[in-house]
Amino acid sequence: MPATTQTINYEYTDTFGGEANYSWVNRGEVKVTDKTSELAIVRRVKAAVGLNNVPCRKDNWGDMIVLYPYGHCSVLFIHPNY
């Protein structure tokens, strides 16, 4: 069966007191196939927002992945667009 394309939306924003603040926000999307691994999705989104080679703490909230870059006051929300 051929792979289908899906859209992954993301929001990259600042934090205040450890919570998302949204005083600035970078929203976008990346296209992936349904066979793309979670690691590949995370790497593609991190590249889209300029966080290559930045270590992050990863939380999985069931319907979305949340990344907290170390040394940054920001948070990256990754969620599929079904």
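Contact here means heavy atoms within 4.5 Å. In this predicted model, Ile 8 touches Gly 28, Glu 29, Val 30, Val 32, Ile 41, Val 45, Ile 78, His 79 and Pro 80, with residues up to four places away in sequence not counted.

Ile 8 also belongs to the largest nonpolar core, a set of 15 residues in which Ile 8, Val 45, Leu 76 and Ile 78 have the most contacts. At least two residues of this core come from each of S1, S2, helix H1 (38–49), S4 and S5. The most is given by H1, with four residues. Another core, of five residues, lies apart from this one and includes Met 64, Tyr 68, Val 75 and Phe 77.

Two aromatic pairs were counted. In one of them, the ring centres of Tyr 12 and Trp 24 lie 5.3 Å apart with the planes at 75°, so the pair is edge-to-face. Tyr 12 lies in strand S1 (residues 5–16) and Trp 24 in strand S2 (residues 19–33), so that the pair, twelve residues apart, links distant parts of the chain. Tyr 12 is buried, because its relative accessibility is 9%, whereas Trp 24, at 39%, is partly exposed.

An aromatic pair is also formed by Trp 61 and Phe 77, which is tilted, with 6.0 Å from centre to centre and 55° between the planes. This pair too links distant parts of the chain: Trp 61 is in the loop between strand S3 (56–60) and strand S4 (65–69), and Phe 77 is in strand S5 (residues 74–80), 16 residues apart. Trp 61 counts as partly exposed at 47% relative accessibility, while Phe 77 is buried, with a relative accessible area of 10%.

Methods
Residues are numbered from 1 along each chain as its sequence is written. This is a predicted model: local features need pLDDT of at least 70, side-chain atom pairs count only at pLDDT 80 or more; totals for chains, interfaces and linings use all residues. Side-chain values use heavy atoms; hydrogens and water are left out. Rings of Phe, Tyr and Trp (its six-membered ring) pair if their centres lie within 6.5 Å; planes under 30 degrees apart count as stacked, over 60 as edge-to-face and the rest as tilted. Buried means under 20% relative accessible area, exposed over 50%, partly exposed in between (1.4 Å probe, protein chains only). A nonpolar core is a set of buried Ala, Val, Leu, Ile, Met, Phe, Trp, Tyr and Cys residues joined through side-chain atoms within 4.5 Å.
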